[in-house]
Amino acid sequence: MNPSSTRNHPLMLQVAAQADFAFFDPKPDDFHGVKILLQTYLDNKLWDLSGFVDLILGQTTVGTVVKIEDDEDDGVFSLITALNLGRYKGHKCIMELKEFLLDVGQDKDVKDALRLLLGEEAQNVGLLVSQRVVNLPPQLLPPLYDALFDEISWATEDEPTEELRISFSFKFFLLISRIYKHKNAGQRKGTRFDIDEAIIYIKPEDEIFHKLSSWSFTFPLHTQHVTTHELRNYRLMGLVMAIEADKVSTFRKELHTLIDEP
């Protein structure tokens, strides 16, 4: 039996947060909480976000929402899932998402590689969606990603039809995320700009994904955000990355090392 089918395991965290977080399979009642998390997923684009949330919540065998155990408000603190771009290619939200990515991509070679993943290779591509509140304890990250990739593996064996099983046999993962990029990054001549200064990763796992990616690109965002004094020389940018599925085991190990080791 797929362990995800009866999942409701609170994670007891030895951290300052006075809350017991639990992993759940997505369900229709999570619609508003998930929609809030994804409100600026495609920057300020007007698109079929509700349809996108429906796809996520309709895929219950692969995907996790994090909530507080026995919380009456039923708020969603994190979402992680992977959607097959070929399986859902006819849905309005996926067509609009592809259009958005092709519009913001600039470099010709990268855009050609992106177009390939969104077109001919779409049936082999999982759109890895990972959104959460900013103060979610980082100790949740390794088990969250472990759960996702384990569920994907189980789905290739346990889904009821061959078509569905094949749809989770991803060769690539595509991620849309955000970083802070130094305003002078790539503009200094004669001296090498320190890459650690050039980029600040909002999500710690994105630094690992970025390092393992086959290709990536950034694009300016229009979404309003509050800038702190420390970030006055940085601008918020979108980050799109493509990662080969065979890099997942390396990612999982490095994420555990990053988060678990003091």
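Tutor: A cavity is a set of grid points where a 1.4 Å probe fits but cannot get out, and its lining residues have an atom within 4 Å of a point. Please note that the model before us is predicted.

Student: How many cavities of 30 Å³ or more does the structure hold, and which residues line the largest cavity?

Tutor: Rolling a probe the size of a water molecule over the atoms shows where empty space is left. In this structure, one cavity of 30 Å³ or more is found. The volume of the largest cavity is about 50 Å³. Its lining consists of Leu128, Val129, Ser130, Tyr145, Leu175, Ile176, Ser177, Lys203 and Asp206. Strands S5 (125–132) and S6 (172–182) each contribute at least two of the lining residues. Sorted by class, five lining residues are nonpolar, two are polar and two are charged.

Student: Is Asp146 buried or exposed?

Tutor: Residues under 20% relative accessible area count as buried. Asp146, at 17% relative accessibility, is therefore buried, whereas Arg252, at 21%, is partly exposed.

Student: Which residues are linked in a network of salt bridges?

Tutor: Such a network links Lys27, Asp30 and Lys67. Within it, the closest N and O atoms of Asp30 and Lys27 are 3.6 Å apart.

Key
Residues are numbered from 1 along each chain as its sequence is written. This is a predicted model: local features need pLDDT of at least 70, side-chain atom pairs count only at pLDDT 80 or more; totals for chains, interfaces and linings use all residues. Side-chain values use heavy atoms; hydrogens and water are left out. On a 1 Å grid over the protein atoms alone, a cavity is a set of points where a 1.4 Å probe fits but cannot get out, and a pocket is an open set with protein on both sides within 12 Å along at least five of seven lines; lining residues have an atom within 4 Å of a point. Grid points are joined across faces, edges and corners, and a volume is the space filled by probe spheres set on the points. Helices (H or I, at least four residues) and strands (E, at least two) are DSSP runs, numbered from the N terminus. Ala, Val, Leu, Ile, Met, Phe, Trp, Tyr, Cys and Pro count as nonpolar, Asp, Glu, Lys and Arg as charged, and the others, Gly among them, as polar. A salt bridge is a side-chain nitrogen of Lys or Arg within 4 Å of a carboxyl oxygen of Asp or Glu. Buried means under 20% relative accessible area, exposed over 50%, partly exposed in between (1.4 Å probe, protein chains only).
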